[in-house]
Amino acid sequence: MNTIIFEKLPNYGSAKIAQFSCKKMSLLPDLNANEDETSYYADKTWVQCESPRCLKWRLVPKGDEAVAELDHGKSWHCHMNPDPLFSHCSIPQGPFPKNSQLKEHGLKVVYSLLPVGSLVLVKACNWPWWPAILSPDPNVEEYVRLDSEGYVEHYHVEFLGKPHTRYWAATKHVELYDTSFTKPKCRNLRGAMRKSYEVAMEEVAKVMEMGCEERLQISHFQPQESGPDD
């Protein structure tokens, strides 16, 4: 289950906060005039539908029984949403704010832990969004780094393609792979990068139907087993 919780910041002086715009932006222009935008998002949870053809985010208010019953070890789908306005995969996703808008209203995003072995998309430097698998760093045998408050800050990923490479990616640059993902136009990819991307997309087709454990078994970066004399 992939969830995001919007949490109120103690102040803008937090080291976790990047620059934020001073220009006022409406998070929800269609909100009732008497409803504060910040209170609309504070103490609420977004949950992602796990149907491969959906993957939409649904808002579940704090205090709702649905939040208390959320089990991160089990799948979640739109039909489980108690809000009838957003309880079917055919219904468009509700308004999802940008990080810059959240920061302006003193809110931050707290990401849930994605399972090791998940198929994801990763944005690294000037490269396009690239398919990868969450896998343990073979040197430390961990696939996440936590910040001082215990929240997920980085994921270790294994990029698909030729060759496979690995990387520690910031959480905000890692997303579950979406079947509606549109790959970059080939003219934007050159030489070896273009070939590697073609191979990566071929691998996506193969691992899409695999479970997390199966993907880890074919990982190119396996932890080194200690020998008897180590």
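The model is predicted, so local features need pLDDT of at least 70 and side-chain atom pairs count only at pLDDT 80 or more, while totals for chains, interfaces and linings use all residues. Residues are numbered from 1 along each chain as its sequence is written, and side-chain values use heavy atoms, with hydrogens and water left out.

Q: Why is Cys-78 called buried?
A: Buried means under 20% relative accessible area, exposed over 50%, and partly exposed in between (1.4 Å probe, protein chains only). Cys-78 has a value of 0%, so Cys-78 is buried.

Q: What makes Cys-212 partly exposed?
A: Its relative accessible area is 26%, therefore Cys-212 falls in the intermediate class.

Q: Why is Cys-125 called exposed?
A: Cys-125 has a relative accessible area of 64%, so it is exposed. Cys-125 is in the loop between S5 and S6, and its phi is near 50°, a positive value in a residue other than glycine. Most residues other than glycine have a negative phi.

Q: Which residues of the largest nonpolar core touch the most other members?
A: Of its 26 residues, these are Val-122, Leu-134, Tyr-155 and Val-174. Such a core is a set of buried Ala, Val, Leu, Ile, Met, Phe, Trp, Tyr and Cys residues joined through side-chain atoms within 4.5 Å. H4 supplies the largest share, five residues. Helices (H or I, at least four residues) and strands (E, at least two) are DSSP runs, numbered from the N terminus.

Q: How do you know that the span of H4 agrees with its number of residues?
A: The expected span is 1.5 Å times one less than the number of residues. The 17 residues of H4 should therefore span 24 Å, and the end C-alpha atoms are 25 Å apart, which agrees.

Q: What does H4 pack against?
A: Its buried residues pack against S5, S6 and helix H5 (212-217), with contact meaning heavy atoms within 4.5 Å.

Q: What makes Arg-145 a charge over the ring of Trp-168?
A: The definition asks for NZ of Lys or CZ of Arg within 6 Å of the ring centre and within 35 degrees of the ring normal. Arg-145 lies over the face of Trp-168, at 4.0 Å from the ring centre.
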